[in-house]
Amino acid sequence: MKTLSLTAPTAPVTTVKSVLARLLATENISVEHQDVPTAAFDLKTRTLILPRWKDMSNALYDMLVGHEVSHALFTPQDGWKSDADALSAKHRVDGAVARQYLNIAEDARIERMIKDKFPGLRSDFFKGYGELNAKNFFAVKESEYPTLCLGDRVNLHSKLGLHVDAVLPFTADEAAIRDFVMGAKTWADTVEGADRMLAVDAAKWQKNQQQQEQSPEGESAPQGDDAEDGEDTKDAQGNESEGGEGEDKSESGAGTEGGEDKSQGTAKDNAVETQSGEDDKGGSGGEKSMQTDMPGPITNSSLENALKSLNETASRAPDVVRLKMTAPTTDVVVPFADVLKDLNAMVTRNNWNTTPVREADYKRASGAMATAFDRRKSADVWKRTTIAKTGAIDPLRMTQYKWNEDIFRRGTRIAEGKNHGIVILLDWSGSMGNIMQQTIGQLLILTDFCRMAGVPFEVYAFCDRAYTVLPDGMDPYSDEAYRLRDAEYKRFASTDNNTASPAYMRLLNFLSNRMTAAQYERMKSILFHNWNSIGYDSRYGMGGTPTAAALHHASAVVAEFTKRNRVQIAHTIVLTDGDATDEYRVTRNGVATRSWVRDTHWVIEDPVTGASYDLWNTQYRDADGKTQHMRRGSVNWETASNRSVCIAIDALRRRTGSKVHWIGLTASQRNAAPSGMGGFVPSEDADWARDGYARGTAAGWDTAVMAAACRFGGKGNNWVEQQLEKMDQKIEGAKTNRNLVTAVVNKQAMTNSLRSLATIIGEFIAVA
């Protein structure tokens, strides 16, 4: 089934923009489109959060994405809070004001750096800021530029002066500060630039506040202490200020050159006083109280508020909570040595049948699979074989020089074949009871094939019963035994907040290529003849079908398996009779739950691969009342019968590189079409009624095959023989040549159905 990378469906070209963001960041960052007011980048989780914008040009979209990605590339994770607090204390302003100045200086630095790194973004910044300016998103007119504080004017110079030729007035000293901010190369430069801008604006704010206190009540504050200061102020502002409006403009406006010198000195004095520990009492305390009320630059906040109008708002959209996927572990594995020891003890205690397995049908099928594997593998190697000319002349071809230019020696280069390995997960659930005998038959075909072909393999039965070794003599149904089992369950349950973990399960290592020949044959005979009795033991009981948990922990198992056997192409095969009964559990506040919460959308993040997945198919109604599906994960599927299984499959594939195959088994014998378990969709050329198996697709899996277990024959199963007898009767009773040919063909297909299925599996395992 096709795997898609999706983000929010309502945002314009969000899939392409998510890819663009990752390419710009040169890393696999997480990209989310959420119902948030503005774009932001989480430096710790490496997550770019973008609003679901509407009515936005591609240039503006790319500019905003580039801006946030530049934060990801160049803005340090640490320093924002501590440096903002230091500036706030030094200049006696509110922390939010100090952060505004830091943001202005850092925006100028990171935008210059992203344009230097990707010159193609320059045109997007030109067009994007032109679009924002045309819509008056900064909420200031050109005539108001001289009245703005230095922080605002530097911000507008960075965003408009470089892109739409806006002319901002600066004195000589202010221009020096502006140029320093625009040329900042490091975070330390950013902090120093913010410090310089804040020193100028804070000093002027303090000076204007003092002038207001000294002026008579009801009169406007004087513009300066002497004519020179007043004249300079008039030139900077471009007009005389009058009344309250003049006072407001003066409070946030630029001062004189001389005033700057004085204010810088005052700022230094203030810094010294702050460091010396003086409190709010006395004269200096009054100055501190006034200066705390200094407003911050207005252009940044205006832009953020205006950008909210471009959001694609939604009603009742669920909150998004991101969870970390817990790490898979090999601790869930019960080694084959322990399993064989347990089963041998059961054999001795119960006098079980251990006759060697000698099923002719299985042997033929294993041989057919090995032949198909070698044939397909050889064909693949031949396809990668090349014959190249060398630089040496071939003496035997020299005589052909008159009519043949090819007189050089040839060299044959044969590409090396790949080393394959197979991990098989056997569904050890109660529902498998009516077909377990046939399933074990198919399992033995696979393992015998592996031994014939020299392919490393491991077989794990997965179940959700606690494997607990009870003390000798303890009643397995006593309260103490139940407490021990409960403790075993809890040992694997995650209690970390905001994590996603699978349900409890165990992997029982039934068969392995690491076994000696004697151990292998012994385990085969015990399983084949006594599987039903094994299930009565509390440690090997058949319960639910924890497929998602098995695949999750198989990531660690397969990784160890491939390393140990130096496997280049790994295959993980799941033999099961139905859908999984488990899913990832959400842990919040130390409590694990699988309950569905309507107003919350859960996203699982794999900390190893960086991939993220939507845990459930959450729906909500948008502003137009239409039903929408939440898409916040970076990986999704067209269809998914069980998202937890799809997540576990994809995580296993990304972590280990293993191909993941599904073999669905059913007890059905006469159905004209296979069931839809596991989201299986048969291929168009499948003939279930004739063959008893069908290839097809299932969400998340690399390949999928469904088969009727009765076709496997073997112990206690004479269904195939019964069908062959019926077909012999049809051949004998055929009245036309056409009926005779049809009957003969169907009999041959029935005869070879088991062998044909083995051949198919051998083929798709043989090729990467």
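N351 is found in the loop between helix 14 and helix 15 (360–383), where helices (H or I, at least four residues) and strands (E, at least two) are DSSP runs numbered from the N terminus. N351 is not a glycine, yet its phi is positive, at about 55 degrees. At 69% relative accessibility N351 counts as exposed; buried means under 20% relative accessible area, exposed over 50%, and partly exposed in between (1.4 Å probe, protein chains only). The model is predicted, and local features need pLDDT of at least 70, side-chain atom pairs count only at pLDDT 80 or more, and totals for chains, interfaces and linings use all residues. Residues are numbered from 1 along each chain as its sequence is written, and side-chain values use heavy atoms, with hydrogens and water left out.

A positive phi also occurs at N136, a residue other than glycine, with a value near 60 degrees. N136 is placed in the loop between helix 5 (122–134) and helix 6 (150–161), and its relative accessible area of 44% makes N136 partly exposed. A188 belongs to helix 8 (residues 187–214) and is exposed, at 51% relative accessibility.

Helix 14 (336–350) and helix 17 (479–491) are the elements that give two or more residues to the lining of the second largest pocket. On a 1 Å grid over the protein atoms alone, a pocket is an open set of points where a 1.4 Å probe fits, with protein on both sides within 12 Å along at least five of seven lines, and lining residues have an atom within 4 Å of a point. The volume of this pocket is about 590 Å³, a volume being the space filled by probe spheres set on grid points that are joined across faces, edges and corners. Its lining comprises 23 residues, of which L470, P476, D537, S538 and R539 lie nearest the centre. These lining residues divide into 11 nonpolar, 5 polar and 7 charged, with Ala, Val, Leu, Ile, Met, Phe, Trp, Tyr, Cys and Pro counted as nonpolar, Asp, Glu, Lys and Arg as charged, and the others, Gly among them, as polar.

Salt bridges (a side-chain nitrogen of Lys or Arg within 4 Å of a carboxyl oxygen of Asp or Glu) number 28 in the model. R655 forms one with D606, their closest N and O atoms being 2.8 Å apart. R655 lies in helix 20 (residues 643–656) and D606 in the loop between strand 16 (600–605) and strand 17 (612–614), so the pair ties together parts that are 49 residues apart in sequence. D606 is buried at 2% relative accessibility, whereas R655 is partly exposed at 25%.

Another salt bridge joins R653 and D702, with 3.3 Å between the closest N and O atoms. Because R653 lies in helix 20 and D702 in the loop between strand 23 (693–697) and strand 24 (703–708), this pair ties together parts that are 49 residues apart in sequence. K524 and E521 meet at 3.9 Å, N to O; they are 3 residues apart in helix 18 (residues 517–534), about one helical turn. K524 is buried at 5% relative accessibility, while E521 is partly exposed at 33%. E458, R514, E560 and R564 are linked in a network of salt bridges.
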